[in-house]
Amino acid sequence: MSYYKLFGLEKEPFSTSPDPNFFYNSPSHKTVLKRMEINIRLKRGLNLIFGDVGTGKTTLCRILAQSFEKEHNFMFHIILDPSFKTEFQFLSQLVKIFKLEPDFNSTLDYKEAIEKYLFKAGVEENKTIILIIDEGQKMSLENLELLRTLLNYETNEHKLLQLILMAQVELIPRVNRVRNFVDRACFKYTINPLDEKETKELIEFRLKTAGYSAGRSLFSDGAVKLIYEYTMGYPRRIGMLCHDALTEAVMNEKTLIDGPDIEKLIGEVKFSLA
Ligand SMILES: Nc1ncnc2c1ncn2[C@@H]1O[C@H](COP(=O)(O)OP(=O)(O)OP(=O)(O)O)[C@@H](O)[C@H]1O
Ligand SMILES: [Mg+2]
């Protein structure tokens with residue numbers, strides 16, 4: 001029997017997969033989503049979103065695409081791993097996801113085909129084409145330059161490609177080396193970790209979503225405080241620690257997780273890292 005069933009839960013509350021249903025809409029995440037949505041609708045071009053490891057970038061990509069699901073004029077394309085070695089490889093991937101068939105296999109032909117497609121779809125067919133690139137820190141300087149070229153495709157009123165680049169903060173020095181790139185972003189945002197109150201809200205939100213319905217908190221305030229201090233408010237770490245705490249609680253037949261329980265776990269992790 002899975003541990004979560006013992007708590008009367010229907011699903012696993014602290015799974016580490018980027019499931020939109022288990023996404024706690026913190027004020028910071030809410031701001032990013034709202035601003036990206038507006039910028040897409042206004043066709044403003046480049047959105048640059050940074051965030052440390054495990055702050056929710058990949059999940060945000062999914063939620064954003066999902067929120068437009070019923071609007072067929074918005075065409076989302078997501079590149080989850082942009083570690084293309086050459087510009088041609090990156091272009092080939094774009095040609096493939098836009099389902100284009102350029103006349104010749106050259107960089108120039110591919111660029112022309114993409115520009116033509118963006119113009120046709122965006123102007124003649126009134127579609128909005130959105131490219132989301134996750135793991136942007138894996139992009140080479142050369143391919144960042146290519147993104148800048150794609151952003152040059154525009155009409156008098158708007159950009160033809162809406163680009164969302166999500167990346168760990170280590171990309172910042174590299175994007176700064178691409179001339180005018182950062183200046184072109186209509187929105188730049190760094191997702192910060194959660195504060196203590198938000199950490200508590202995330203934990204409770206996930207438990208509730210998983211079906212937890214006992215009248216009281218499963219984690220004591222002392223436990224939440226320690227979880228916050230140890231994880232520094234990084235959502236992935238919060239999830240992993242809470243998962244371990246629930247597993248321990250089941251093994252020890254406990255229905256309340258308190259400070260000393262978390263302390264013990266943290267001690268074990270520290271020990272195993274030593
Ligand atoms: N706001 C949130 N509410 C609930 N869970 C969250 C939230 N943000 C992130 N998580 C959880 O944290 C984990 C990491 O999220 P995600 O993979 O989206 O982060 P990331 O920023 O893309 O990480 P990486 O930099 O390693 O690619 C996932 O399990 C996700 O469900
Ligand atoms: Mg990610």
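Good morning. I begin with two strands: β3 and β4 pair in the parallel sense over five bridges. Strands here are DSSP runs of E of at least two residues, helices are DSSP runs of H or I of at least four residues, and both are numbered from the N terminus. Two strands pair if DSSP finds at least two bridges between them. Within this pair, L131 stands opposite L163 in β4, and the bridge partner of I129 in β4 is L161.

A word on the source. This is a predicted model, in which local features need pLDDT of at least 70, side-chain atom pairs count only at pLDDT 80 or more, and totals for chains, interfaces and linings use all residues. Residues are numbered from 1 along each chain as its sequence is written, while chains are lettered from A and ligands numbered from 1 in the order in which they are written.

On its other pairing, β3 joins β2 in the parallel sense over six bridges, and I79 stands opposite I133 in β3. The whole open sheet has five strands in the order β2-β3-β4-β1-β5, with parallel pairing. β2 (74-79) and β5 (185-191) stand at the edges with a single partner strand each, so one side of each is left without a neighbour in the sheet.

Let us look at β3 itself. Is it mostly covered or mostly open? It is mostly covered, with six of its six residues buried. Buried means that 20 or more other C-beta atoms lie within 10 Å of a residue's own; a residue is exposed if 12 or fewer do, and partly exposed in between, with C-beta atoms placed from the backbone. In a regular strand the side chains alternate between the two faces of the sheet. Here T128, I130 and I132 point one way from β3, and I129, L131 and I133 the other way.

I turn to the largest nonpolar core, which has 37 residues. Such a core is a set of buried Ala, Val, Leu, Ile, Met, Phe, Trp, Tyr and Cys residues joined through C-beta atoms within 7 Å. Which members touch the most others? They are I49, L131, L161, L163, I164, L165 and M166. The elements giving two or more residues to this core include α1 (27-41), β1 (46-51), β3 (128-133) and β4 (161-167). The largest share, six residues, comes from β4. A second, separate core of 24 residues includes L194, A245, A249 and I262.

Finally, the ligand. Of the 20 residues around ligand 1 (C-beta atom, placed from the backbone, within 6 Å of it), G56, K57, T58, T59 and P235 come nearest. Thank you.
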